[in-house]
Amino acid sequence: MIGVPRLVVLLCRYRWRHSWNALRARPTGPTGLVLVLAVASSVAYVLLFVSALGVVGQVAGEAAQATALALMLGAIALASFGSKASAGDAVLAGSPENEFFMTRPVSISRLLAARSFAAAATDPFGALFLFPVLIAAAIAWRLPPVSWAIALGISICAQIAIAATAQTAQIAVVRWVPRQRRSTAWVALRLLSALSLASVWMSATWILRAPERLAPRLPEMDRWLSLTPAALLAAPLVALRREGPSGALFALTLLVLATVAVGAAAVFVARRAGNHGWEEAGAPWAERSAMVRRRVPLTPARREWRQLVRDRARLATFVALPAILVGVQIFGSIGWTWSTATLDRIAVLTFSVTLYMAAMGPLGHMQGERRAFWIMRTVPVPIGRLMAAKARAWSLILGGIAGGMFLVLAAGAAPSAPAEILRAGILVMGGTVGMTVLAVGLGCLTADLSDDQRSALGPGTVYLFLLLGGLYNLVLGARGLWILPPVALYLLMVGSTWRSGIAHLETCMDAEVLARRAPRLADGATLLLIAYLGPMAVAEGFGRVGAPHDVVLYGQIAVIVGVAIAAGWILGRFCLRRFRTNKAYSS
C-alpha cells in the first residue's frame, strides 16, 4: 500500500512536471497566460486593497479593517470551494490522474488526504487569490516581516481545508446520490459556485470601489462574520496587530487544529463511502438521459442551444450567475446605489453581466464539439459559415438581454438626456455583440482537439476573455473623439481573432501543427489593445482608491513592460524554432 506521504510526493512531482512541460511546449499557451495574469492581478490586488483598508481605517477605525479583511477572505474561500466542488475532477472518469490511481491499490480516503496536502503546493492559482489579501493587510497595518510567514501559513491551511471539503462533496454526490438524480446535484453545486463568484464580485465592489461608504456598516457585519470560518482565517493577523506574536501564534494554532479537524472529517466520510468498494462516476454526458428525436431540422444555432440545454450544470451557471449578480445588486443597498448612480455605471453593470454570460455560453462552444467536430468538418458547408451561425445566434440572445436590461435600469435611474441614453445603449449592445463574436472566435482560436484527455479550452482562455472584456469598460466611459482609437482597436482585435480562429479550425486536430504554431495577427492585435488600454485601466483603478501618483506610474510602466516582454517572447520563440528547422534541413 502506498502511504500518504509518498502519494503527496508523487502528486507534486506529476503536477509540477505536467505544468512545466506544458509551459515549455507552449509558453504563450493557457498555462503561461494564466500564470502571468494571476501574478499581475495579484500585485494589482495588493495595491488596491492596501488603499481600501487605509480608507476604511480612517472612516471606521481598526475594528472595521479586521471585518473588511474577514469579509474578503471569506468570499474568496467560498468561491474557491464552490469552483472546486462543482468541477468533479476528483471522481469523474477521463483524467490521466484518476485513470492511473484507479489501477493502483489506493483507498479513496488515502487519496483524498494526499490530494488535500498536495493542493497546498500545486495549486498556485488558489494561493494567488487568497495570499495577496493577507499580504495587503500586513502592509496596510505595517506589521513585522513575520506576518508574511503567518500569511503563508493561513493560505496553506485554507487550501488544505478547501480541497478536502470540495473532494468530500464530490465523493458524497457520487456515493449517496442516485444516478438519475446526480445531474441535479451537480447543478446545485454549480449554482453554489455561481453564488460564491457573485459574492466575491460584490465584496470586491464594496471594498475597493466604495470603501468610505462600506466602512460605517462593517460593525454590523462583524456580528455574523465572527460566526463563520472567515473570522478564523483573519484571526492570526488581527491578533498579531493587537496582541503581538504570542496572540498570533495562539490564533494560528487554532486555525491549524480546525484544519486538522476538517481533514479528519473528510477522511472519515471518504472511508465510509469506500467501505463497499469504489467505482468512479461516469463522464457527465454518459449520465444524462437521451434526448427525444424531433422532426424539426437541427440548424447550427438550434444545435448549439440544445448542447447548452443538455449540459444542465453549464446551463445553470449560464443563467444563474447573471441573475445572482443582479439580485445581489438589488438587495444590497450599497452595491445598488453605487452601480446605478450614473448612466455610465449602469452601462458597466449591464455589460459586466452579459460578459459573464458570454464567458459561460459561447466561449466554451468548442468544448461541446470536441468529440464530434469531425462531423462538422465533413459537412459540405464552409466551417466559417457554421461558426458565423453560432455567433449570430448568440449575438441575438445576449444582445437582446443587454438591451432589455439596460433600458430597465436606465428607466429607474436619475433622468438623463436622450442622446446620452442612446449613446450608452449603443455602446453596451455593440460591445455585447462584439464580445460575443470574440467569444466564438477565441474559442475557435484556442481549441486543441488533438488529445481527448485534454480539455479543449483552458482557464487561460477565460482569463484572457474577461481581461479584454474588462478593458471595454473604459470605452463605456469615454467621451468625444477619445472613443475612436479604442473602438478601432477592438474592431481590429475581434476581426483578426475571428479570421485566425477560423483558420485554426483546419488544424486543431493535428498535434504536430499545433506544436509549431506561428505568431498570428490576432496575437499582435491583442497585445496592442492591452498596451493601449492597460495603462489607462491602471490609472482609472488606482485613482478610485486614491493611490499615490508614483504607484500609478509604476503600474503603467509594469503593464507596458509586460506587453513588451510577451511580444518579445512570442517572436523569439518563433525565430528560434525557424532557425532550428532551417539548420536541421541544411545539415
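The accessible surface of this protein comes to about 28500 Å², and 67% of that belongs to carbon and sulfur atoms. Areas here are Shrake-Rupley values with a 1.4 Å probe, and for residues only the protein chains shown count as cover. What you see is a predicted model: local features need pLDDT of at least 70, side-chain atom pairs count only at pLDDT 80 or more, and totals for chains, interfaces and linings use all residues. Residues are numbered from 1 along each chain as its sequence is written, and side-chain values use heavy atoms, with hydrogens and water left out.

Now the overall picture. The protein has 26 helices and zero strands. Of the 587 residues, 45% are buried, meaning under 20% relative accessible area. Take contacts, heavy atoms within 4.5 Å, between residues at least 6 apart in sequence: 82% join residues at least 24 apart.

Next, the cores. A nonpolar core is a set of buried Ala, Val, Leu, Ile, Met, Phe, Trp, Tyr and Cys residues joined through side-chain atoms within 4.5 Å. The largest has 105 residues, and Phe49, Phe465 and Tyr490 touch the most other members. Helix α16, residues 343–360, gives this core its largest share, 11 residues. Leaving aside residues up to four places away in sequence, Phe49 touches Ala68, Leu69, Met72, Val133, Ala136, Ile207 and Leu208. Apart from this core lies another, of 19 residues, including Leu112, Ile171, Val173 and Val267.

Back to α16. How does α16 pack against α20? The angle to helix α20, residues 418–446, is about 20 degrees, and the axes are 10 Å apart. Axes are lines fitted to C-alpha atoms over the stretch in contact, and angles run from 0 to 180 degrees between N-to-C directions. So α16 is roughly parallel to α20, a label for angles under 35 degrees. Among the contact residues are Leu343, Phe351 and Leu355 of α16, and Ile421, Val428 and Met435 of α20.

Gln65 sits in helix α3, residues 62–87. Is Gln65 buried or exposed? Its relative accessibility is 6%, so Gln65 counts as buried. Beyond four places in sequence, Gln65 touches Leu53, Gly54, Val56, Gly57, Trp141 and Arg241. Ser183 lies in helix α8, residues 179–209. Ser183 is buried too, at 15% relative accessible area. From Ser183 to Val173 is 10 residues in sequence and 9.6 Å in space, C-alpha to C-alpha.

Technical notes: Buried means under 20% relative accessible area, exposed over 50%, partly exposed in between (1.4 Å probe, protein chains only). Helices (H or I, at least four residues) and strands (E, at least two) are DSSP runs, numbered from the N terminus. Angles under 35 degrees count as roughly parallel, over 145 as roughly antiparallel, 65 to 115 as roughly perpendicular and the rest as oblique.
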